[in-house]
Amino acid sequence: MNQKLLKLENLLRFHTIYRQLHSLSQRRALRQWRHGFSSLYPVWTAQLYPWPWPTDVLTGAALSQHRLLVTKKEERPRKSQLSSTKSKKEVEVWLGMTVEELGRAMGKNTDFVYEALLNTAADIDSLEADSPLDEVWIKEVIKKAGLKLKWSKLKQDKVRKNKDAVRRPQADPALLTPRFPVVTIMGHVDHGKTTLLDKLRKTQVAAMEAGGITQHIGAFLVSLPSGEKITFLDTPGHAAFSAMRARGAQVTDIVILVVAADDGVMKQTVESIQHAKDAQVPIVLAINKCDKAEANPEKVKKELLAYDVVCEDYGGDIQAVPVSALTGDNLMALAEATIALAEMLELKADPTGPVEGTVIESFTDKGRGPVTTAIIQRGTLRKGSVLVAGKSWAKVRLMFDENGKTMDEAYPSMPVGIIGWRNLPSAGEEILEVESEQRAREVVDWRKYEQEQEKSQEDMKIIEEKRKEHQEAHWKAREKYGNMQWKERAYLKYLERKGQTFLRPKEKTERDSNVLPVIIKGDVDGSVEAILNIIDTYDASHECELELIHFGVGDISANDVNLAETFYGVIYGFNVNAGNVIQQSAAKKGVKIKLHKIIYHLVEDLQDELSSRLPCAVEEHPVGEASVLAIFSVTEGKKKVPVAGCRVQKGQLEKQKNFKLTRNGHVIWKGSLTSLKHHKDDISIVKTGMDCGLSLDEENIEFKVGDIIVCYEEKHIQAKTSWDPGF
């Protein structure tokens, strides 16, 4: 347009200049003519030669009008040009995309995809809505749709800077100061571990524990008469708590292995030895119950040789101390042996700088919120410190010792209760001190982000595996149908669907009864973990499936009841309560709530519940036995019925019971009797020594002399699960 206007303007300017020059020449001629003939023709001359037109004004008007016309004319082709150059719609596609997914992505139905592939080499007859498409066919469909293809890629998040908190480098030896040892009591259940600890710290923890069995880890500081101090971790001796014992061994310096002198080495004793070895922790052997008459300490020492626990008496380096936790005999010798070993280990720690420690136990207190028991391993913990443990953090509001007394400071090797956690950390988590609450949030956010990344990677692996399985199944199906036409293929698929059997409501109920959904609630994190570890050992899913639908710490709530109602599950509570309102609600909804305070009682209850879901076993109990002495037949109407003449050898025959016919030890027939007679009288019971004639409900059975007829009754016995949790 600009070039056209420029040419027009130049043309008009040239024309204007020409008119102006022509006008000037005419004016000169006119002046000369007027000078000579002005008197003769004044008016005629003026009319004949008027004054020249205002050409500049006309030229500007013409140019403006021309610009307007040209602009209007060129606006239309510009719009069409813009519309033609407008970018095509992008369709996001991916490998293995199905026909239905491709149509949905383009905003069209599946018929469009089929039509787009009509004149191609694609096998349209074998394509279903859920059939994956090859890359070449996806491109072909997108091209024919007039759209732009965009391959889907996994969005790669911007690499985030690692903001995790880590332990400090090893301290300068000059900064290290002596510390007292952290000792763990380990051994088999009922070998007297808690009683032994009670005597040392002069408290009655065992009396408070249900059944005298320690249910979760406790950390206690014990002061000896000599002035020395020892921190004890009282771990459960139960087999179910092996994971918690392992955690206790990881933070401890010395393990006191308690073995009963009258019982010897047991399964949990061996596990305790293994935990100590894995943590590379030295052992002090405490042979308990030496006050009993049947005590044999030497037998215990010999049995331990098989597990590489060699006492000093046999040339080893493990101290063995015979004690009696019940009477308190020789306990000071055990404490002195522990202190002597600690001195040899030269235990030291750095009491300066940020705190490092380990969560021993965590639980929720109604009045104080999340509470943890921890062992400080480095630094000095003070009120107001900001701590991070796992994916939770805390600003310490209150610290207290094992007796509930508030503390201002906690040094290395000291057990301490900590209040101020935003949420409950898991037992065994590493505690690290950070400089501020903002820094603590950064650490927790980073750890959550890492966990999400790991989970997303695992999910992608699963998705890729499922996609490959789906693709393989699709190709197998294609091979199966071969070159069949779509009608033949549809008919075969119809026959396959027709052959499938669908569960009726009754059958569905029977199938669901073979599944036991459970909800586990415990008082502390460690107890719940121990119960979950037990459930992990369940290996009888072929009998009844055990499904864990929820677990948590705290009392049983209305949400737990609603969840159990939804899944037809059972709620198991360990050292927790269920209010009257909760129990009434559960009773109305038909939800079972089972509360226990001893862990093996809970496991036994769980075994019984699993057994109740199993089909009952049928057992045959003999009532009487008779031998066939003679064979004859009786005419009934037009039929001849075979009858066996028998004599009862054992018990009695009852007509209403079940019968079976055995010959040479093999069962030939099972069923019921049609008649039982003594002489000519119909009777219902024939006792020992009496003769009788009987006929069976199956006429084709032929009796032989010497056959045995057994009368028996069936009893339904509740089956028991084969699951053995190990105790």
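## A walk through the predicted model

UniProt, in an unreviewed entry, lists residues 446-473 as "coiled-coil region". The model shown here is predicted. Over residues 446-473, the chain is 100% helix and 0% strand.

Next comes another helix, α16. It covers residues 525-536, twelve residues in total. From first C-alpha to last, α16 reaches 16 Å, close to the 16 Å expected at 1.5 Å a residue. How much of α16 is buried? Nine of its twelve residues are, so the helix is largely enclosed by the rest of the structure. The buried residues are D525, G526, S527, V528, A530, I531, L532, I534 and I535. An α-helix has 3.6 residues a turn, so residues three or four places apart point the same way.

S413 sits between β16 (409-410) and β17 (415-421). Is S413 buried or exposed? Its relative accessibility is 2%. The cut-off for buried is under 20%, so S413 counts as buried. Its side chain has two polar partners to look at. One is the side chain of R179, joined to that of S413 by a polar contact of 2.9 Å. The other is the backbone oxygen of F180, which the S413 side chain reaches at 2.8 Å. Leaving aside residues up to four places away in sequence, S413 touches R179, F180, V182, T231 and I376.

Charged pairs come next. A search of the whole structure finds 36 salt bridges. Three of them are followed here, one at a time.

Start with D262 and K292. Their closest N and O atoms are 3.3 Å apart. D262 is partly exposed, at 29% relative accessible area. K292 is partly exposed too, at 34%.

Move on to D313 and K301. In this salt bridge the closest N and O atoms are 2.5 Å apart. D313 lies in the loop between α11 and β9 (320-322), while K301 belongs to helix α11 itself, so the pair links parts that are twelve residues apart in sequence. How accessible is D313? At 56% relative accessibility, D313 counts as exposed. K301, at 8%, counts as buried.

D560 is in helix α17 (residues 558-567) and K521 is in strand β19 (residues 515-522), so the pair ties a helix to a strand across 39 residues of sequence. D560 is buried, with a relative accessible area of 3%. K521 also counts as buried, at 5% relative accessibility.

Salt bridges can also share partners. Which residues are joined into one network in this way? They are R167, R168, D350, E356, R378 and E430.

How values were computed: Residues are numbered from 1 along each chain as its sequence is written. This is a predicted model: local features need pLDDT of at least 70, side-chain atom pairs count only at pLDDT 80 or more; totals for chains, interfaces and linings use all residues. Side-chain values use heavy atoms; hydrogens and water are left out. Helices (H or I, at least four residues) and strands (E, at least two) are DSSP runs, numbered from the N terminus. Buried means under 20% relative accessible area, exposed over 50%, partly exposed in between (1.4 Å probe, protein chains only). A polar contact is a pair of N or O atoms within 3.5 Å; within protein, one must be able to donate a hydrogen and the other to accept it, and residues adjacent in sequence count only if both atoms are side-chain atoms. Contact means heavy atoms within 4.5 Å. UniProt positions are given in the numbering used here, feature names are shortened, and annotations may be inferred rather than shown by experiment. The expected span of a helix is 1.5 Å times one less than its number of residues. A salt bridge is a side-chain nitrogen of Lys or Arg within 4 Å of a carboxyl oxygen of Asp or Glu.
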